Amino acid sequence: MAARPGLRRVLPAVLAALVAAIPAAVVLPAPSRAEEGRSLAAEMVGQWELSTAERSKTCVITLKSDAATGGMKLELENGCAAALPFTRDIVAWSIKGLDIVRLQDAKGQPVIDVTEVESGIFEGQRPNEGVYLLQNLAAARALTKSMDQMIGDWSVVRGDDRAVCGLTLTNTETVPDSYAVYLKPRCDAVLKTFGPVVWRLERGELQLINAKGEIWRFEADDNAQWRRVPDTADPFILVRQ
């Protein structure tokens, strides 16, 4: 049956009203890859530390938002070329894909590509050279300061303030980002059995690690001490001597 003339006139208006009623979230397109890339680019503007994995060699890079040929401008601190020779070729930076930060040469080719592995820390490799890190400069310097403050002699006490061991945290790097720790004589049997050999700071935690790779984790408490976690009624607490 053919539609009546009046109905033919009404249908277009009804359909238009239905389309207008569809929630905007349904019809709006998802952010494009370019939009996400621009967001990462904005987050990257500022000062960063490029370093070897163990941070024995470092270079401060200032990433800028100004356009450069094939990317954006940057500045390298004096001494970068001596510490990391490949940085001589870096003249600009750019974002590739969703999460790759490229430090590139004059032809736009990658000198090194780094990808975020955790908040504010990027990691990349150069063939036959190993792993390099790019991390926020302020965070990197705060980590260095914290480690310097940790080096020295500590007493291990239980919850009743009874000292059960002494240990020394050193700055002698035995494996990347981990440093030698030594127990003093007459330690509690639990400490001797655990037998920590290295220590490190990891995401705000102090970690003691034994030769088996087992880890005791400590968090700073309100008294500027370090308490083993998870907490117990009779915890182990590190106190500066």
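Predicted model: local features only at pLDDT ≥ 70, side-chain atom pairs only at ≥ 80, totals over all residues.

Q: OK, how many disulfides does the structure hold?
A: There are 2 disulfides in it.

Q: Which residue forms a disulfide with C59?
A: That's C80, and the two sulfur atoms sit 2.0 Å apart. C59 belongs to strand β2 (residues 58-68) and C80 to helix α4 (residues 80-83), so the bond links distant parts of the chain, 21 residues apart.

Q: And why is the disulfide of C59 and C80 right-handed?
A: Because the torsion about its S-S bond is about 90°.

Q: Are those two cysteines buried or exposed?
A: C59 is buried, with a relative accessible area of 1%. C80 is buried as well, at 3%. The cut-off for buried is under 20%, which means that both values qualify.

Q: Switching over, what does C165 join to?
A: A disulfide ties C165 to C187, with an S to S distance of 1.8 Å. This pair also links distant parts of the chain, 22 residues apart. C165 lies in strand β10 (residues 163-175), while C187 is in the loop between β11 (178-183) and α6 (189-194).

Q: What's the torsion about the S-S bond there, for C165 and C187?
A: It's about 55°, so that disulfide is right-handed.

Q: Buried or exposed, C165 and C187?
A: Both are buried.

Q: Last one: what is the pairing if I number the bonded cysteines in sequence order?
A: You get 1-2, 3-4.

Conventions: Residues numbered from 1 in each chain as written. Heavy atoms only, no water. Disulfide = S-S within 2.5 Å. Helix = DSSP H or I, 4+ residues; strand = E, 2+ residues; numbered from the N terminus. Buried < 20%, exposed > 50% of the residue type's maximum accessible area, 1.4 Å probe, protein only.
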